Amino acid sequence: MEQVEFLIQIPNQVIMQVFGQYDANIRKIERECGVSIANRSDGVKVIGDKNRAQMAVQVLESLRALALKKEEITEQKVNYILSVAEEAQMKAVEKLADDIICMTANGRPLKAKTLGQKKYIDLIRKNTIVFGIGPAGTGKTYLAMAMAITAFKNNEVNRIILTRPAIEAGEKLGFLPGDLQQKVDPYLRPLYDALYEIMGVETFSRNMEKGLIEVAPLAYMRGRTLDNAFIVLDEAQNTTPEQMKMFLTRIGFGSKAVITGDLTQIDLSEGKKSGLTEATRILSDIEGIGMITMTNQDVVRHPLVQKIISAYEKFEEKKKAQSEEAFEARESKGRNKPSYVNRREGGRRNAGTH
């Protein structure tokens with residue numbers, strides 16, 4: 001196959017970020033695209049098959065654009081850009097850096113890191129209720145809380161309410177000491193952690209004391225009408241259909257709600273339906289309700305997390321296929337097996353011939 005050569009200019013002030021420590025980013029691009037890349041005096045040369053080399057150039061140009069915007073070039077970011085390179089979405093990825101949701105307590109800008117996350121944020125901006133579904137590490141809860149804090153700071157809502165069902169994730173917590181709030185705090189700890197990081201401990205505590213921020217288990221929502229509030233329901237896969245209906249009918253005037261969950265991590269007892277699964281089927285065509293399902297491409301944790309999720313998905317698919325095959329085999333065996341009545345009638349006819 002004919003080899004072609006492309007030359008790309010990368011300014012000296014960002015070349016170290018683009019190449020990565022010990023050229024790790026370049027080695028990754030070379031492996032994934034099947035090309036060779038070298039930094040020469042006249043620019044960065046990319047050599048390889050035409051289509052693959054063009055793809056490598058697009059990746060390098062995207063990394064260059066992000067580095068020039070002072071964006072940190074992480075391993076996750078390189079992996080993500082490579083994953084969308086073949087889908088001609090490179091320019092959209094570069095624009096992710098331009099949309100700042102809010103600043104964290106230590107001054108770090110919060111932005112979408114994937115196109116799935118960007119779509120999720122846009123849905124929250126445009127709709128009253130949004131269902132954000134996807135695997136662990138896609139930023140569903142964190143981004144929802146960032147949007148809630150932004151709305152609160154901009155006086156779009158008067159308070160923030162964060163809730164999740166108090167369901168043990170495969171473990172029994174047993175008897176917990178303290179008052180009722182202290183007993184449910186272990187279930188709500190992930191929400192507190194995100195609030196501390198985005199808002200800061202002092203600001204959070206001050207608003208909590210005033211009742212402007214409420215973190216409570218889902219059971220506390222019954223019988224209330226929640227006006228002028230930004231409500232986040234986390235771990236919604238562990239709600240029952242009755243709880244989900246109860247929650248959705250609490251939403252009052254001037255309020256916005258984001259419901260997040262991972263349908264692969266349902267901790268309800270055997271035989272119980274997930275309220276999240278049912279709600280997405282019932283409400284999918286209602287105006288003002290947005291829904292998004294993120295994938296393992298949107299995972300922004302350690303790169304191993306993405307691989308772990310993919311491995312589990314393949315395992316579940318294989319297990320499901322085996323279960324279906326076993327069921328069909330039993331059904332087929334049952335159809336082919338003569339019934340007791342047929343065997344008895346056949347026996348009578350045979351007896352009559354003697």
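User: How many aromatic pairs does the structure hold?

Analyst: The structure holds 3 aromatic pairs, where rings of Phe, Tyr and Trp (its six-membered ring) pair if their centres lie within 6.5 Å, and planes under 30 degrees apart count as stacked, over 60 as edge-to-face and the rest as tilted. This is a predicted model, in which local features need pLDDT of at least 70 and side-chain atom pairs count only at pLDDT 80 or more, while totals for chains, interfaces and linings use all residues. Residues are numbered from 1 along each chain as its sequence is written, and side-chain values use heavy atoms, with hydrogens and water left out.

User: What makes Tyr-192 and Phe-204 an edge-to-face pair?

Analyst: The ring centres of Tyr-192 and Phe-204 are 5.8 Å apart and their planes stand at 80°, so the distance is within 6.5 Å and the angle is over 60 degrees. Tyr-192 belongs to helix α8 (residues 180-199) and Phe-204 to helix α9 (residues 201-209), so the pair ties together parts that are 12 residues apart in sequence; helices (H or I, at least four residues) and strands (E, at least two) are DSSP runs numbered from the N terminus. Ring pairs also link Tyr-192, Tyr-196 and Phe-204 into a cluster.

User: Why is Tyr-192 called buried?

Analyst: Tyr-192 has a relative accessible area of 5%, and buried means under 20%, with exposed over 50% and partly exposed in between (1.4 Å probe, protein chains only). Phe-204, at 3%, counts as buried too.

User: How do you know how many disulfides there are?

Analyst: A search of the whole structure for cysteine sulfur atoms within 2.5 Å of each other finds 0 disulfides. Among the cysteines, Cys-33 is buried at 2% relative accessible area, and Cys-102 is buried at 9%.

User: Why does one side of β1 and of β2 lack a neighbour in the sheet?

Analyst: The open sheet of 3 strands has the order β1-β3-β2 with antiparallel pairing, and β1 (3-8) and β2 (36-40) stand at its edges, each with a single partner strand, so one side of each is left without a neighbour. The twist averages 20° from one strand to the next, with axes being lines fitted to C-alpha atoms (for helices over the stretch in contact) and angles running from 0 to 180 degrees between N-to-C directions.

User: What makes β2 and β3 paired strands?

Analyst: Two strands pair if DSSP finds at least two bridges between them, and 5 bridges join β2 to the antiparallel strand β3 (residues 43-49). Ala-38, for example, stands opposite Lys-45 in β3. Helix α3 (residues 50-68) lies across β1, β2 and β3, at about 150° to β3.

User: What is the order of the open sheet of 6 strands?

Analyst: The strands follow the order β8-β7-β9-β10-β6-β11, with parallel pairing, and the twist averages 15° from one strand to the next. β6 and β11 count as a pair because 5 bridges join them in the parallel sense, and Ile-129 stands opposite Ile-289 in β11.

User: Where does α10 lie, and at what angle to β10?

Analyst: Helix α10 lies across β6, β7, β9 and β10, running at about 155° to β10. The buried residues of α10 (residues 241-248) are Pro-241, Met-244, Met-246, Phe-247 and Leu-248, and what covers them, by contact of heavy atoms within 4.5 Å, includes β6 (129-133) and α11 (275-282).
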